[in-house]
Amino acid sequence: MLKGLGSPASPRAAASASVEGSSGPAACPRSSPSSPRSPESPAPRRGGVRHSVPQKLAEALSSQYGLNVFVAGLLLLLAWAVHAAGVGKSDLLCFLTALMLLQLLWMLWYVGRSSAHRRLFRLKDTHAGAGWLRGSITLFAVITIILGCLKIGYFIGFSECLPATEGVFPVTHAVHTLLQVYFLWGHAKDIIQSFKTLERFGVIHSVFTNLLLWANGVLNESKHQLNEHKERLITLGFGNITTVLDDHTPQCNCTPPTLCTAISHGIYYLYPFNIEYQILASTMLYVLWKNIGRKVDSHQHQKMQFKSDGVAVGAALGLTALAATIGVVVVYLIHIGRSKTKSESALIMFYLYAITLLMLMGAAGLAGIWIYRMDEKSLDESKNPARKLDSDLLVGTASGSWLISWGSILAILCAENHPSYTWYNLPYSILVILEKYIQNLFIIESIHREPEKLSEDIRTLRVVTVCNGNTMPLASSCLKSGGVAEDVAPRGRDLPPAANGNVHMREGCSKEDEKREESSWGESPSPARLPCFLQGNAKRKVLRNIAAFLFLCNISLWIPPAFGCRPEYDNGLEETVFGFEPWIIVVNLAMPFSIFYRMHAAASLFEVYCKI
């Protein structure tokens, strides 16, 4: 009875299916089951394995090339950071400039070749390069170009004692940023099927070039934060910690002095946006690299739509958290380092604010997970490089703050003296671990959820129609009618009557057919497990409010560490237990990942919001 489900709906559908499956100008005739070309035959699988060997080899070659470039750049960064003999900042900037110029040549070649063949049909990954993602990277790119202009002004002011590379690098970086944003807008969705080996090397070179530019920005910003941190420790009474400043100020006067001072301060306030731009660009390029030579399935990505209705509660709470964050950051930066009393009060204020916000975020995430668990639905397990990268980045970057939090917990438990603000740090560190754990679960399950396509009434009507042997006409009429049972019922001539929203089965449909049909339609459970106030559209509104609230809260928690509000630096307790240099190394390595986690989580939650 159910064998008809696998047959095409019409001769036209059968013809189109045969054309899509054929590789030549004419479709090959269907082979018999005993033919070597049968799907049951292992010959095509062996051929597929032989065909995939060069692709895997090219991936391995290109990835190893990129890793070697990245390691060489990291060693140059490390040598400059520790003032290695014979290695100066000019050597580092020359290396980074050469990498950017090489990427510019490749991007120009790719864009030129694509425009020359623009009439050809090109495969696209509809999951990659979303519009909101390209819009956000454009915003960060604009601020990055402004940062480059400030660096050029800084070079002009200190031109007497700065090498030429200090001026060439920001100009090259600005041109590189402009062309790269244009490239990502036009080609982030491409699935490259020609010149695949060459393109793999070009894309992976671009990925690691952006990662090195990200590491360079992180290092410069961390040096500035470390200098301020050393000055603040004296006010908290940690006089036994070294306060030797790592000063890189040029050894000449700048004209005019006031303008140069404003430029030098403005540069470090724009570094967080530059850091986010570089890491976003590298992730989009990595997805492009993973898509080279990939076979795309016929499943089409559902277009996301932004809807602002019904999220007043979540948006109001989130905006309140954002306003409170700005106030806390301003007060913190004003009071920290002024005196011991003001510094301790600033730390206590920050911990109380963060504890309250993290508890609310954890509760919202648990509520969202509970709704998903009560309303079980099938998950989309299809291969998707962009979605897999999102999940991996969420877990990987969360480990940065987990490392800092566990270090703080251990320092609190092992310290001999405990200042008053220490006991606020303990619940704060525990909540950081739990909140990110819960939020990751909520986001990962949300992005793997299949969107709701058909209501329960239509699913039941399909069961009835299959039992009657008339599958396709009703299925098509259901889809055309908009998904309500009352609109579909008049079209089916043999449909049974409905009472109280439930459709009664015909006697011709046996219980075995009913069970078989229920299992064939995804084994979707009844929505009666959810409370009455979460049925239907109310459930989507609650989930949208949760996503909107978490989105604004993650932006709120991105602001403090990005703009200098870092209690991990300023409380001084961890430096006393672990030692100044070891703890500073841990924080400098883990903090960039913690900052990026908040922005990446906000981007993922925006996608979740649009998908619900």
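**Helix packing and burial in a predicted model**

Modeller: Phe442 is placed in helix H11. This is a predicted model, in which local features need pLDDT of at least 70 and side-chain atom pairs count only at pLDDT 80 or more, while totals for chains, interfaces and linings use all residues. Residues are numbered from 1 along each chain as its sequence is written, and side-chain values use heavy atoms, with hydrogens and water left out.

Colleague: Is Phe442 buried or exposed?

Modeller: Helices here are DSSP runs of H or I with at least four residues, and strands are runs of E with at least two, numbered from the N terminus. Buried means under 20% relative accessible area, exposed over 50%, and partly exposed in between, with a 1.4 Å probe and protein chains only. Phe442 has 0% relative accessibility, so Phe442 counts as buried.

Colleague: How far apart are the C-alpha atoms of Phe442 and Gly365?

Modeller: Along the chain, Phe442 and Gly365 are 77 residues apart. The separation of their C-alpha atoms is 6.0 Å.

Colleague: Are H9 and H11 roughly parallel or roughly antiparallel?

Modeller: Axes are lines fitted to C-alpha atoms, for helices over the stretch in contact, and angles run from 0 to 180 degrees between N-to-C directions. Helix H9 (residues 340-374) packs on helix H11 (residues 422-447) at an angle of about 30°, with the axes 8 Å apart. Angles under 35 degrees count as roughly parallel, over 145 as roughly antiparallel, 65 to 115 as roughly perpendicular and the rest as oblique. H9 is therefore, relative to H11, roughly parallel.

Colleague: How many residues of the contact of H9 with H11 are nonpolar?

Modeller: Ala, Val, Leu, Ile, Met, Phe, Trp, Tyr, Cys and Pro count as nonpolar, Asp, Glu, Lys and Arg as charged, and the others, Gly among them, as polar. The contact of H9 with H11 has six polar and three charged residues, and its nonpolar residues number 20.

Colleague: Which class does Leu366 fall into, buried or partly exposed?

Modeller: Leu366 lies in helix H9. Its C-alpha is 9.9 Å from that of Ile546, at a sequence separation of 180 residues. With 49% relative accessibility, Leu366 counts as partly exposed.

Colleague: What is the relative accessible area of Ser345?

Modeller: Ser345 also belongs to helix H9, and its C-alpha is separated by 8.8 Å from that of Tyr332, 13 residues apart along the chain. Ser345 is partly exposed, with a relative accessible area of 37%.

Colleague: How many of the residues of H16 are buried?

Modeller: H16 is largely enclosed by the rest of the structure. Of its 26 residues, the buried ones number 19.

Colleague: How many disulfides does the structure hold?

Modeller: A disulfide is a pair of cysteine sulfur atoms within 2.5 Å. Cys94 is partly exposed at 42% relative accessibility, and Cys553 is buried at 0%. The number of disulfides in the structure is zero.
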